[in-house]
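Subject: Structure for your review

Dear colleague,

Please find below the structure that I am handing over to you. I would ask you to look at it first and then to read the notes that follow.

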Amino acid sequence: MGALAGRTALVTGASRGIGRGIAERLGRDGARVAVHYGRNEGAAKDVAAAIEAAGGSAFTIGADLRSPGAAEALWEEFDRHADGLDILVNNAGIGSTRPITEIDEEEYDAVFAVNVKAPFFLLKYGLGRLRDGGRVINVSSGLARTAVMPDNVAYAMTKGALDVLSRDLSKVLGARGITVNSVAPGIIDTDNTADLLHGSAGGWDRAAALSALGGVGTPSEVADVVAFLASREGRWVTGSWVDATGGSLT
Ligand code: NAP
């Protein structure tokens, strides 16, 4: 029996990339997984099917986290499938690569809506569903702690805000045995980083050179860290910022 047997997990942005890796890993560990998607319903259904093909259990939930009221709508749909939650992974996120001289208010609002407002209100409205002893894992970024890509300033600011949410909510939820942590990937090979890694000659090598381990990360490398925090073994880790950058901050 898997380590997370009997648990229910919600992974936002699980239709692709890091979220897909996390959803499949938690599914393999025995959790019943709510696979959230924004626009790519078909991809989310493929993820749920992959989890079930591997012997797990999953269902899909759609919600555009940029829209006002999205968090409440997401939970209403969740309630049609499950009667409580043990693990919430706030993974859905979008990037912003335009420097302060070029970014406009629309892009600023969008990146804050998806990366900060959505996790905040998913927690606000989800706390009653989250069972005692549960886990909240917020997917941050190494860019919250390094200015190696200063044109990503608005994006990095969103992850800094998410980290404060992890830190302060760990105090609020500790009495219920719920842990709250941030996991910070470095550069991971997903659609999000396709331009950076594949858009110009040498992009992959420049990215790999940033990490002490000399490589570009994969979704499964982040998922393994999330799985630890979600497991019983992670029970005494809370309010932490877990560096999963492959040593990009050293
Ligand atoms: P990705 O491949 O671009 O996937 C993004 C996911 O978020 C998709 O499942 C997408 O759903 C969902 N999403 C985006 N906008 C949404 C919206 N408005 N409403 C609902 N869902 C939305 O991204 P990724 O690289 O896996 O990144 C996942 C997380 O890791 C993000 O928080 C990102 O900031 C963080 N991160 C990534 C890296 C990296 O190098 N890749 C590094 C550090 C941190 P649909 O496709 O269904 O719309």
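Helix α1 crosses helix α8 in a right-handed sense. Please note that this is a predicted model. Helix α1 covers residues 17–28 and helix α8 covers residues 219–230; their axes are 8 Å apart and the packing angle is about 50°. The two helices are therefore oblique to each other, since an angle has to be under 35 degrees to count as roughly parallel. On the side of α1, the contact is formed by Gly-17, Ile-18, Gly-21, Ile-22, Arg-25 and Leu-26. On the side of α8, Pro-219, Val-222, Ala-223, Asp-224, Val-226, Ala-227 and Ala-230 take part. By type, the residues of this contact comprise 9 nonpolar, 2 polar and 2 charged.

Helix α1 also packs against helix α2, which spans residues 41–53. Here the axes come within 9 Å and cross at roughly 25°, which means that α1 is roughly parallel to α2. This crossing of α1 and α2 is right-handed. From α1, the residues Arg-20, Ala-23, Glu-24 and Gly-27 meet Asp-46, Val-47, Ala-50 and Ile-51 of α2. The contact of α1 with α2 consists of 4 nonpolar, 1 polar and 3 charged residues.

A further helix pair is found between α3 (residues 70–79) and α4 (residues 105–126), whose axes come within 8 Å and cross at roughly 50°. The crossing of α3 and α4 is right-handed. Helix α3 contributes Ala-71, Glu-72, Leu-74 and Trp-75 to the contact, while helix α4 contributes Phe-121, Leu-122, Tyr-125 and Gly-126. Sorted by type, the residues of the contact between α3 and α4 are 6 nonpolar, 1 polar and 1 charged.

I now turn to the ligand. There are 33 residues around the ligand, and those that come nearest are Arg-16, Asn-40, Asn-91, Tyr-155 and Thr-190. Which part of Ser-15 faces an oxygen atom of the ligand at 2.8 Å? The atom in question is an N or O atom in the side chain of Ser-15. With Arg-39, by contrast, a polar backbone atom is 2.8 Å from an oxygen atom of the ligand. Asn-192 places a polar side-chain atom 3.4 Å from an oxygen atom of the ligand.

Yours sincerely,

A colleague

Terms used
Residues numbered from 1 in each chain as written. Predicted model: local features only at pLDDT ≥ 70, side-chain atom pairs only at ≥ 80, totals over all residues. Heavy atoms only, no water. Axes fitted to C-alpha atoms, helices over the stretch in contact; angles between N-to-C directions. Helix = DSSP H or I, 4+ residues; strand = E, 2+ residues; numbered from the N terminus. Left-handed = near helix turned anticlockwise from the far one by under 90°. Contact = heavy atoms within 4.5 Å. Nonpolar A, V, L, I, M, F, W, Y, C, P; charged D, E, K, R; others polar. Near = heavy atom within 4 Å. Polar contact = N/O pair within 3.5 Å; in protein donor to acceptor, adjacent residues only side chain to side chain. Parallel < 35°, antiparallel > 145°, perpendicular 65-115°, else oblique.
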